[in-house]
Amino acid sequence: MEGLLRTEKLSKGSILHGISFEMKQGEMLGIMGPSGSGKSTLLYLAAGMDQPSGGKVWLGETEITGLKEDEKSRLRLHRMGFVFQQMNMMANLNILDNILLPALQANRGRHGRSRAELTAAARTLMRKLSIAGLEERRITQVSGGQLQRACICRSMMNAPEILFADEPTGALNKSAAAEVMVELEKLNREGTAVLLVTHDAGVVCHCDRLLYLLDGQICGELNLGRPSSGEEKQRRDKVDRWLKAVGW
């Protein structure tokens, strides 16, 4: 696999100190660490949503840290997707219209896709993530797991190269969290890279590779490889042993 995202000596004040790592195209990379270790800060810096005090970030051949703010915004809109613990949907819109929002913004102009084409694409994503039939529901009329899957649909509308997920299952119960991770894994298998921050050892078992962050530095790495059916217990045992070794 070719390189997709790379950081070089990335720093942020007293929070992060010289973080360097590389993600491959189509990889699912999990980041774990205790509260205050800098996990979310690292994710926001890698996505160009925050400015580092030192170091650089590349998405493919594009150096994100060297872009102007409007250029970063366009990059995030067209090449990145985002899923957060707090599912920031518009309360005055139904599920379908919430999913359409970033696509409508990205397709302004003469050569953009029509609303009908975008709506068809949104409905296809909803079927893929098992929430077809919820298009007209308000965000208060669906479960937390269904709402998070709608957020994933929204994040995928512009066919991003990479999905940034900050505690995407943090507000969900165990069953809903498992369902959401199954859907993220499916999207990853279809080629979308995923950079995932989580406190949940069960969640990172879906990842190909893990980084452990402590006091703003990477102090451990575990290569799990692609998940395979029937290996759930072995992967979880391996993750648990690794976390114990790094001091989790």
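Which residue in strand 9 is the bridge partner of Leu 29? I looked it up, and Arg 209 is the one.

Ground rules first. I'm working on a predicted model, where local features need pLDDT of at least 70, side-chain atom pairs count only at pLDDT 80 or more, and totals for chains, interfaces and linings use all residues. Residues are numbered from 1 along each chain as its sequence is written, and side-chain values use heavy atoms, with hydrogens and water left out.

Sheet. I checked the elements, which are DSSP runs numbered from the N terminus (helices H or I, at least four residues; strands E, at least two). Strand 3 (residues 28-32) runs parallel to strand 9 (residues 209-214), over four bridges; strands count as paired if DSSP finds at least two bridges between them. Both sit in an open sheet of six strands, order 6-7-8-3-9-10, with mixed pairing. Strand 6 and strand 10 (217-223) are the edges, each pairing on one side only. I get an average twist of 15° from one strand to the next.

Helix 5. I then went to residues 144-156: 13 residues, 19 Å from first C-alpha to last, close to the 18 Å expected at 1.5 Å a residue (that is 1.5 Å times one less than the number of residues). Eleven of the 13 are buried, so helix 5 is largely enclosed by the rest of the structure. Buried means under 20% relative accessible area, with a 1.4 Å probe and protein chains only. Cys 151 and Cys 153 are among the buried residues. The cover, by contact (heavy atoms within 4.5 Å), includes strand 6 (80-84), strand 7 (162-166) and helix 3 (95-106).

Notes
Buried means under 20% relative accessible area, exposed over 50%, partly exposed in between (1.4 Å probe, protein chains only). Axes are lines fitted to C-alpha atoms, for helices over the stretch in contact, and angles run from 0 to 180 degrees between N-to-C directions.
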